[in-house]
2 protein chains.
Amino acid sequence: MQVAIPLFPRLTALDAIGPYDALQHVPELEVVFVGAERDEVRTENGMLGLTADATFAEVPDPAVVVVPGGIGSRDHLGGSPLVDWVRAVHPGTRATTSVCTGSLILGAAGLLTGLPATTHWGAVDVLARFGAQPVRQRVVELPEQRIITAAGVSSGIDMAIRLVARLVDEVAAQAAQVSVEYDPEPPYEAGHPDQVGEGVMARLAEYRAARS
Amino acid sequence: MQVAIPLFPRLTALDAIGPYDALQHVPELEVVFVGAERDEVRTENGMLGLTADATFAEVPDPAVVVVPGGIGSRDHLGGSPLVDWVRAVHPGTRATTSVCTGSLILGAAGLLTGLPATTHWGAVDVLARFGAQPVRQRVVELPEQRIITAAGVSSGIDMAIRLVARLVDEVAAQAAQVSVEYDPEPPYEAGHPDQVGEGVMARLAEYRAARS
């Protein structure tokens, strides 16, 4: 099964690489990174380059799609080759998935209308604009629609392990989990804004202003 | 503060990208990916290319080093330009850190002799060969030596959040955690071999044989 992970300028790298690393252990799956061109793509702050090895036209029939997010997702919300590709390939996939604000791209492709979905906590309002019903869940699986959306950034790891269970079986999913030693011990209870104080959110606002 | 993340052929991408994404939100930190040459580096199975933007010689004085692991780490255990660089820069860092089998590279550089350290569960014996005292912990912090080692793959996220607390403060660490929405919900209790049955480990052995 071919797993296509689209890359676009100013993506969040972990949105793509968390799922990639959980999926790449499973020999039934072959991951390809795809882009508007075969070229290097830089992350949101420009600090990292990732290679898109194939163009959208070269990957017309993936079994699985994993759309990452990041600030650059905003460039696609009015339509783009990426959005057109997601819309075109979805009818043939076994699973069309997103991490973080990747769900906005699924929304822009018209895939989430009237459906429950999730995204990064900072983009819930934007998701609703595409007709989705935002829910506060780490992973939202819609087996009938073959769509899975995951919450912010690191949630792609949780999503990908569940995806392996759907595509292969639960033994494979656990093998993927133990491979990446996903036995998390977050140092704080600070994974979501409703768990942290105003001081943390104020600092984050400063950081975002400094980085933009 | 400059954070240098070395890349080498056949690394595990998530070892590098988990910490990168937690650290890159903090404006006090500037991440640079470094390699033997300025060039693309491919991951263990060749499915992904990451760009090394600077050579080791161009990054002689990083404040922080994060060494990832992966099967390619084995190429360095008898010595390499990467090992020489780690040994040369460590005296000047505020923190020299590793994820997964990256700790074997710290060991090869002579940094772990007689010290407690961790690694991926599959490499504990190799770590001991470098004179380290392997401990079963997700993150091992040695403030006096300015060394932090993390366990397998996904543990780099936990490590990086703790590292932000050391380098900046705990508010910054929590801001990094909420940014990447690190509120994990692993789908199975299957993050370590002592949590899974023989069936899972047998499947993993099959997978590793198929991928090698």
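This is a predicted model: local features need pLDDT of at least 70, side-chain atom pairs count only at pLDDT 80 or more; totals for chains, interfaces and linings use all residues.
Start with everything shown. The predictor gives the complex an ipTM of 0.97 and a pTM of 0.98. Chain A has an average pLDDT of 97, and 100% of its residues score at least 70.

Colour the two chains separately.

**Chain A alone**

Chain A contains seven helices and 11 strands. Its radius of gyration is 16 Å, close to the 17 Å that the globule rule gives for 212 residues, so chain A is as compact as a globular protein of that length. Along the principal axes, the C-alpha atoms of chain A fill a box of roughly 45 × 40 × 35 Å.

Of the 212 residues in chain A, 56% are buried. Among contacts in chain A with a separation of 6 or more, 61% link residues 24 or more positions apart.

Now go to strand 6 (residues 64-67) and strand 7 (residues 95-99) of chain A, which pair in the parallel sense over four bridges. To see one of the pairs, show Val65(A) and its bridge partner in strand 7, Thr96(A).

**Strand 11 of chain B**

Bring chain B back and select strand 11 (residues 147-150). From this strand, Ile147(B) and Thr149(B) point one way and Ile148(B) and Ala150(B) the other, and all are buried. In a regular strand the side chains alternate between the two faces of the sheet.

- Strand 7 (residues 95-98) of chain B runs parallel to strand 11 and is joined to it by three bridges. Ser98(B) stands opposite Thr149(B).
- Strand 10 (residues 139-142) of chain B runs antiparallel to strand 11, with four bridges between them. Val139(B) stands opposite Ala150(B).

Strands 10 and 11 of chain B form a hairpin with four residues between the strands. Select Arg146(B) in this hairpin: it takes a positive phi near 60°.

**Strands 3 and 4 of chain B**

Next, select strand 3 (residues 39-42) and strand 4 of chain B. They pair in the antiparallel sense over four bridges. Asp39(B) has Ala52(B) in strand 4 as its bridge partner. There are six residues between the strands of this hairpin, and Gly46(B) takes a positive phi near 80° there.

Which residues of strand 4 of chain B lie on its covered face, and which on its uncovered one? Leu50(B) and Ala52(B) are on the covered face, while Gly49(B) and Thr51(B) are on the uncovered one.

**The interface**

Show both chains and select the residues in contact between them: 61 of chain B touch 61 of chain A. On the chain B side, at least two residues each come from helix 1 (13-23), strand 2 (30-35), strand 4 (49-52), helix 5 (155-167), helix 6 (170-179) and helix 7 (198-211). Helix 6 of chain B supplies the largest share of this side, eight residues. By type, the residues of the chain B side divide into 34 nonpolar, 17 polar and 10 charged.

**Helix 6 of chain B**

End by selecting helix 6 of chain B. Eight of its 10 residues are buried, so this helix is largely enclosed by the rest of the structure. Among the buried ones are Ala172(B), Gln174(B), Gln177(B) and Val178(B).

What covers the buried residues of helix 6 of chain B? The cover includes helix 7 (198-211) of chain A, together with helix 1 and helix 5 of chain B. Just after helix 6 of chain B, select Glu181(B), which takes a positive phi of about 45°.

Terms used: Residues are numbered from 1 along each chain as its sequence is written. Chains are lettered from A and ligands numbered from 1 in the order in which they are written. Two residues are in contact if their C-beta atoms, placed from the backbone, lie within 7 Å. Ala, Val, Leu, Ile, Met, Phe, Trp, Tyr, Cys and Pro count as nonpolar, Asp, Glu, Lys and Arg as charged, and the others, Gly among them, as polar. The radius of gyration is taken over C-alpha atoms; the globule rule is 2.2 Å times the number of residues to the power 0.38. A residue is buried if 20 or more other C-beta atoms lie within 10 Å of its own, exposed if 12 or fewer, and partly exposed in between; C-beta atoms are placed from the backbone. pLDDT is the predictor's confidence in each residue, from 0 to 100. Two strands pair if DSSP finds at least two bridges between them.
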